[in-house]
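Work through the exercises below with the sequence and the model side by side. Try each task before reading its solution.

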Amino acid sequence: MQYQVQEMLRIERIFEKKGIEEELAVYNSLIPDGRNLKATFMIEIPDPIERREKLQKLMGIEKQVWLRVNEHDPVIPFADEDLERTNDTATSAVHFLRFEMTTKMIESLRAGANFAAGINHPAYCHSVDQVPGNIRNALG
């Protein structure tokens with residue numbers, strides 16, 4: 001996170017204390033607190049015309065992402081708490097997601113429980129039955 005903040009300060013030429021504090025406030029909100037998982041959800045479509053068309057069809061996709069720990073109910077994220085990223089005609093290509101986990105979910109993960117993820121949207125549906133071990137281990 002430190003390098004991301006430094007890069008943004010450099011790119012945006014922010015050198016004053018107030019501007020630095022504002023950037024830190026934005027990025028600090030992206031750091032998990034031990035009871036949640038935070039993720040940047042990016043829809044990468046290089047062609048601008050195709051991207052515009054697909055983002056219109058993917059309205060609400062940020063609320064259709066889910067994580068599941070073993071037998072626990074899936075967790076749907078809180079999306080874009082920093083600002084609204086969807087307008088009346090299309091979703092954004094970037095969303096910030098916060099998945100709140102229960103104590104039992106965290107305990108299950110630490111004990112080696114299966115961890116799955118997916119998206120259930122009418123225009124895009126995909127799931128991974130088992131998140132790779134290196135990612136799962138980084139959460140514990």
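**Exercise 1. Is A113 buried or exposed?**

Start with the origin of the coordinates: this is a predicted model. A113 sits in the loop between α4 (103-110) and β5. Then take its relative accessibility, which is 7%. Buried means under 20%. A113 is therefore buried.

Now list its surroundings. Setting aside neighbours within four places in sequence, A113 contacts V69, N70, S108 and R136. Finally, check a residue elsewhere in the chain. I45 is 68 residues from A113 along the chain, and their C-alpha atoms are separated by 33 Å.

**Exercise 2. Describe the overall make-up of the protein chain.**

Count the elements. There are five helices and six strands. Read them in sequence order: the pattern is α-α-β-α-β-β-β-α-β-β-α.

Next, the dimensions. Along the principal axes, the C-alpha atoms fill a box of roughly 50 × 35 × 25 Å. The protein chain has 140 residues, and 34% of them are buried.

Last, the contacts. Take those between residues at least 6 apart in sequence. Of these, 60% join residues at least 24 apart.

**Exercise 3. Which residues of α1 are buried, and which are exposed on the other side?**

Begin with the buried set: V5, M8 and L9. They lie on the same side of α1, because their arc around the axis is only 100°. A general rule of helix geometry fits here. An α-helix has 3.6 residues a turn, so residues three or four places apart point the same way.

Turn to the other side of α1. Y3, R10 and I11 are exposed there.

Then ask what the buried side faces. The buried residues of α1 pack against α2.

**Exercise 4. Which residues does I20 contact, leaving aside its neighbours within four places in sequence?**

Locate I20 first: it lies in helix α2. Its contacts beyond those neighbours are L9, I14 and F15.

Take L9 from that list. It is one of the buried residues of α1. I20 and L9 are 11 residues apart in sequence, and their C-alpha atoms are 7.1 Å apart in space.

Now classify I20 itself. Its relative accessibility is 27%, so I20 counts as partly exposed.

**Exercise 5. What is the strand order of the open three-stranded sheet?**

The order is β2-β5-β6, and the pairing is antiparallel. β2 and β6 stand at the edges with a single partner strand each, so one side of each has no neighbour in the sheet. On average, neighbouring strands of this sheet are turned by 15° against each other, direction ignored.

Focus on one pair. Strand β5 (residues 115-121) and strand β6 (residues 124-128) pair in the antiparallel sense over five bridges. A hairpin of two residues joins β5 to β6.

A117 has V128 in β6 as its bridge partner. The bridge partner of G118 is S127 in β6.

**Exercise 6. How many aromatic pairs does the structure hold, and which residue lies over the face of F78?**

Check ring against ring first. The structure holds zero aromatic pairs. Then check charge against ring. R98 lies over the face of F78, at 4.2 Å from the ring centre.

Definitions and conventions: Residues numbered from 1 in each chain as written. Predicted model: local features only at pLDDT ≥ 70, side-chain atom pairs only at ≥ 80, totals over all residues. Heavy atoms only, no water. Phe/Tyr/Trp six-rings, centres within 6.5 Å; stacked < 30°, edge-to-face > 60°. Lys NZ or Arg CZ within 6 Å of the ring centre and 35° of its normal. Buried < 20%, exposed > 50% of the residue type's maximum accessible area, 1.4 Å probe, protein only. Helix = DSSP H or I, 4+ residues; strand = E, 2+ residues; numbered from the N terminus. Arc of directions from axis to C-beta. Contact = heavy atoms within 4.5 Å. Pairing = 2+ DSSP bridges. Axes fitted to C-alpha atoms, helices over the stretch in contact; angles between N-to-C directions.
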